[in-house]
Amino acid sequence: MSFTGSSVGPGGGTVRRALEFGRTYVVRPKGRHQATIVWLHGLGDNGSNWSQLLETLPLPNIKWICPTAPTQPITIFGGFPSTAWFDVGDISEDAADDIEGLDAAAAHVANLLSTEPADIKLGVGGFSMGAATSLYSATCFTHGKYENGNPYPAKLSAVVGLSGWLPCSKTLKNKIGQDEAARRAASLPILLCHGKGDDVVPHKFGEKSSRALSSNGFQDTTFKSYSGLGHYTIPEEMDEVCAWLTSKLGLEGRSA
């Protein structure tokens, strides 16, 4: 699964192709700006579709940043190009993680948050592959660095994952050993939502991701299941997200 964007260089060695991220869509807060959240779409989607949905939510104090992933060859599609935050070879518990792609995506999120004012609370959320990238960003924040060793610069106050999974769950324990990492993990609010009828990313992946987070010190992890929900979102789920964000980020309320 390390195929993402790689090509053979002049010397015969494999080099990673520089990937270009697509267009970013921004939804401005309708009330007093209290929080900024980067929201990441799923495989094959773009930032525009989610920005239109997020604009309708009764969260006037949040600025939403909705980037579009790079178009790159995807192993699960037989190498066919698609918008994706990282490469996916298989959706299974034993599938290898595209660490390089995950690091690049998490760095893009952190970069988008880097220019926000100091008094603004920061968060990341997403759907499916976007949720996986958000949860990976959470582990980078608590660890204080990316998997490649570079420091992670953003201070996250909330993480949301819809219909997703936790990448690198088997190595999570190694990242949360130190005191500072454990403190950050314990205080970071995470909301996971998953449909029991999801036939793309099975519900059990969401359950196991939640358990992996909780058992490794992420004490403020909430997992919500929805009977009959497939691999998409519904108003009931988004209502849950709104109420949770309002509570965890201390937002003024639902009316501008």
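Predicted model: local features only at pLDDT ≥ 70, side-chain atom pairs only at ≥ 80, totals over all residues.

Trainee: Which residue meets Lys-224 in a salt bridge?

Mentor: A salt bridge is a side-chain nitrogen of Lys or Arg within 4 Å of a carboxyl oxygen of Asp or Glu. The partner of Lys-224 is Glu-240, at 3.9 Å from N to O. This pair joins distant parts of the chain, 16 residues apart: Glu-240 belongs to helix H7 and Lys-224 to strand S11 (residues 221-226). Such names come from DSSP runs numbered from the N terminus, helices being H or I of at least four residues and strands E of at least two. Glu-240 is partly exposed, at 26% relative accessible area. Elsewhere, salt bridges with shared partners unite Glu-180, Arg-183 and Arg-184 in one network.

Trainee: How far apart are the closest N and O atoms of Glu-180 and Arg-183?

Mentor: They are 2.5 Å apart. The two residues lie three places apart in helix H5, so about one helical turn separates Glu-180 from Arg-183. Both are partly exposed: Glu-180 has 36% relative accessibility, and Arg-183 has 48%.

Trainee: How many salt bridges does the whole structure hold?

Mentor: The search finds six. One of them pairs Glu-252 with Arg-32, whose closest N and O atoms are 2.5 Å apart. Glu-252 is exposed, at 52% relative accessibility.

Trainee: How is the packing of two helices described?

Mentor: Two packed helices are described by the angle between their axes and by the distance between the axes. The axes are lines fitted to C-alpha atoms, for helices over the stretch in contact, and the angles run from 0 to 180 degrees between N-to-C directions. Angles under 35 degrees count as roughly parallel, over 145 as roughly antiparallel, 65 to 115 as roughly perpendicular and the rest as oblique. Helix H3 (residues 129-143) and helix H5 (residues 179-187) pack at about 135°, with axes 7 Å apart; H3 and H5 are therefore oblique to each other.

Trainee: At what angle do the axes of helix H2 and H3 cross?

Mentor: The axes of helix H2 (residues 99-113) and H3 cross at roughly 80° and come within 9 Å. H2 is therefore roughly perpendicular to H3.

Trainee: Which residues does Arg-184 touch?

Mentor: Contact means heavy atoms within 4.5 Å. Apart from residues up to four places away in sequence, Arg-184 touches Phe-141, Thr-142, His-143 and Gly-144. Arg-184 lies in helix H5 and is buried, at 15% relative accessible area.

Trainee: Is His-108 buried or exposed?

Mentor: His-108, in helix H2, has 16% relative accessibility and so counts as buried. Leaving out residues up to four places away in sequence, His-108 touches Phe-21, Pro-67 and Trp-85.

Trainee: Which residues make the nonpolar surface patch?

Mentor: Patches are made of residues with over 30% relative accessible area and no salt bridge; like charges are joined within 9 Å, and nonpolar side chains (Val, Leu, Ile, Met, Phe, Trp, Tyr) within 5 Å. Accessible areas come from the Shrake-Rupley method with a 1.4 Å probe, and for residues only the protein chains shown count as cover. In this model Leu-43, Ile-76, Phe-77 and Phe-80 make a nonpolar patch of about 380 Å². Leu-43 sits in the loop between strand S4 (35-40) and helix H1 (47-54), and is partly exposed at 32%.

How values were computed: Residues numbered from 1 in each chain as written. Heavy atoms only, no water. Buried < 20%, exposed > 50% of the residue type's maximum accessible area, 1.4 Å probe, protein only.
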